[in-house]
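Have a look at the picture first, then read on.

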Amino acid sequence: MNHTQVLIIGAGPVGMTLACELARRHVSYRIIERSPVASQGSRAKALQPRSLEILNDLGIAEELLAVGTTELPFRKYAGNQFLGETPRTGFPRNDTRFPKTLLLPQPAVERALRAKLEALGGRIEWATELVDFKQIEKGIICKLENPNWSEELNATYMVACDGGKSTTRKKLGIQFVGETHQEETMWVGDVEVEGLTPDAWYNWLSPVYGIAMALFPFKNSNQWQLQAVMPAEKDGIVPTPSLEGFNRIFKERTQMEGVTFTNSTWQSIYRVNVRRAETYRVGNAFIAGDAGHVHSIAGGMGMNTGIQDAYNLGWKLATVINGEATDQLLNTYGEERIPIADWLLETTSQRQKVMMAGAASGKSGMETLGTTDTTQLNLNYRGSSLNAGSQTSTCLLAGDRAPDVQLNNGTWLSDQLRGTEWKLLVFNTEMPNTDRVKVIPAEEAVRVSYGVNSGVVLIRPDGHIAMIGKANQVNTYLNNL
Ligand SMILES: Cc1cc2nc3c(=O)[nH]c(=O)nc-3n(C[C@H](O)[C@H](O)[C@H](O)COP(=O)(O)OP(=O)(O)OC[C@H]3O[C@@H](n4cnc5c(N)ncnc54)[C@H](O)[C@@H]3O)c2cc1C
């Protein structure tokens with residue numbers, strides 16, 4: 001029987017982020033994808049600043065910035081009446097090189113991750129499905145099927161990144177606790193648009209539908225993403241979306257002349273589900289991304305949170321597999337990520353309500369969705385059992401994301417924080433005697449930003465602060481993992 005350390009189920013953005021994290025740490029893994037080809041529907045179009053920082057660590061943020069846009073105003077109408085235009089609000093802060101949400105279609109993010117994975121020597125096994133598995137004492141026997149073969153694989157760990165309908169989660173017996181909002185349904189799709197200039201995110205507000213229609217143009221492309229609230233009919237069934245249907249409701253709802261949709265490459269019904277997996281781990285199996293949490297798309301954080309799940313889990317799996325930590329480290333994945341999912345479900349539900357109320361009253365549309373919280377830069381693991389420290393900062397606690405700082409020479413601290421190692425920022429104290437971390441003397445700008453006068457800040461491989469302490473505590477901390 002073949003053996004791998006980690007079997008990743010699903011090659012969406014979450015599975016691929018995890019594969020990259022394992023590949024660059026030289027952990028043996030396999031990544032399987034049920035579909036024979038990559039999915040083309042635009043789906044997620046917001047890449048949040050925290051995810052951009054993570055993708056920068058993987059070396060693909062710059063190419064994504066070239067594909068997407070950060071500057072698209074909101075243009076609002078009620079029927080054919082122009083209501084006004086709101087610029088996109090940035091959330092200016094100097095602790096990141098990516099202060100703005102990047103707007104681009106999900107397949108562009110997936111393409112960049114796939115290329116990165118290939119550059120790291122990885123390969124997605126397309127048209128290959130996990131059809132069964134059994135946990136044994138030190139691993140999992142997984143049954144894989146492909147149109148041409150089937151295989152029994154012995155995996156030490158398995159990570160289900162197989163989306164909201166995750167069959168793996170169900171087979172693991174993990175409850176997906178929450179609710180389905182049957183009444184909150186939308187048509188979504190990709191279209192080409194004749195008769196509108198692609199220089200704004202168009203929203204048609206309506207007392208009946210809230211968002212009667214929204215059209216988002218992708219940069220350097222003829223493609224637009226269409227969203228329109230579409231309630232169920234009397235029989236309780238939401239009509240099937242189609243190009244003809246998109247054109248029909250646009251005319252009915254906006255009475256605008258001269259606008260036509262053509263060449264629709266994706267149509268789907270989106271229904272709001274607000275659910276979270278009761279646990280992220282059973283034995284040696286983990287779940288990540290939509291398999292662990294689904295919620296309203298208001299605020300654009302589903303894919304982002306999944307990427308951040310994978311970034312949290314990847315280094316932990318590698319550290320345990322490489323014998324540098326006990327299995328206990330893997331329990332901190334759920335410990336740290338489940339509170340984030342709870343926050344996510346709550347904040348996206350609130351945003352959905354505010355947006356729909358604003359749209360129904362004709363006051364505001366999707367411009368209410370982005371706030372400083374949706375940047376996800378403030379998310380922290382302050383409650384984590386991995387936190388330690390004896391020293392203090394005037395502004396940071398263990399568990400916080402390590403802020404980025406622009407240095408005197410114009411480069412960023414994140415240029416030095418990139419890579420898979422632990423990092424140690426040293427503030428006015430003797431250099432520690434350890435080769436287990438990358439030591440970075442903190443210059444004045446870093447001292448000011450971190451609010452630490454003396455001591456060290458130990459930064460985890462996922463860019464969160466593990467400890468604000470003394471140099472002689474570092475080896476003890478790492479030995480206790
Ligand atoms: C209209 C719309 C707009 C959205 N907007 C945003 C946004 O702006 N920002 C944002 O962050 N998110 C947004 N989202 C959500 C985002 O698309 C998802 O959160 C994201 O795709 C989740 O990624 P994932 O890798 O967890 O799962 P998926 O992308 O669903 O990937 C799971 C993969 O697993 C495969 N799979 C399933 N079962 C098996 C099996 N047994 N064996 C092998 N493979 C299997 C599937 O084929 C699939 O490719 C939006 C979604 C929609 C529909």
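Start with helix 2, which gives the most to the lining of the largest cavity, with five residues. Helices here are DSSP runs of H or I with at least four residues, strands are runs of E with at least two, and both are numbered from the N terminus. Before going further, a word on ground rules: this is a predicted model, where local features need pLDDT of at least 70 and side-chain atom pairs count only at pLDDT 80 or more, while totals for chains, interfaces and linings use all residues. Residues are numbered from 1 along each chain as its sequence is written, and side-chain values use heavy atoms, with hydrogens and water left out.

So what is a cavity? Rolling a probe the size of a water molecule over the atoms shows where empty space is left. On a 1 Å grid over the protein atoms alone, a cavity is a set of points where a 1.4 Å probe fits but cannot get out, and its lining residues have an atom within 4 Å of a point. Grid points are joined across faces, edges and corners, and a volume is the space filled by probe spheres set on the points. That gives two cavities of 30 Å³ or more.

The largest cavity has a volume of about 250 Å³. It is lined by 21 residues, and Arg50, Glu53, Ser414, Leu417 and Gly463 are the closest to its centre. Helix 2 (49–57) and helix 9 (413–417) are the elements that give two or more residues to this lining. By class, the lining has seven nonpolar, four polar and 10 charged residues; Ala, Val, Leu, Ile, Met, Phe, Trp, Tyr, Cys and Pro count as nonpolar, Asp, Glu, Lys and Arg as charged, and the others, Gly among them, as polar. Domain 1 (2–68 + 97–178 + 274–375) and domain 3 (388–479) each bring at least three residues to the lining of the largest cavity, with domain bounds taken from an automatic or database domain assignment.

The second largest cavity has a volume of about 80 Å³. Its lining includes Arg50, Ile54, Gln308 and Tyr311. Here the largest share, three residues, comes from helix 7.

In all, 29 residues surround the ligand, and the closest are Glu33, Gln106, Asp290, Met303 and Asn304; to be counted, a residue needs a heavy atom within 4 Å of the ligand. Helix 1 (13–23), strand 8 (129–136) and helix 7 (302–321) each supply at least two residues of this shell.

Now for the polar contacts, meaning pairs of N or O atoms within 3.5 Å. An N or O atom in the side chain of Gln106 is 2.7 Å from an oxygen atom of the ligand. Val14 has a backbone N or O atom 3.2 Å from a ligand oxygen atom.

Notes
A polar contact is a pair of N or O atoms within 3.5 Å; within protein, one must be able to donate a hydrogen and the other to accept it, and residues adjacent in sequence count only if both atoms are side-chain atoms. On a 1 Å grid over the protein atoms alone, a cavity is a set of points where a 1.4 Å probe fits but cannot get out, and a pocket is an open set with protein on both sides within 12 Å along at least five of seven lines; lining residues have an atom within 4 Å of a point.
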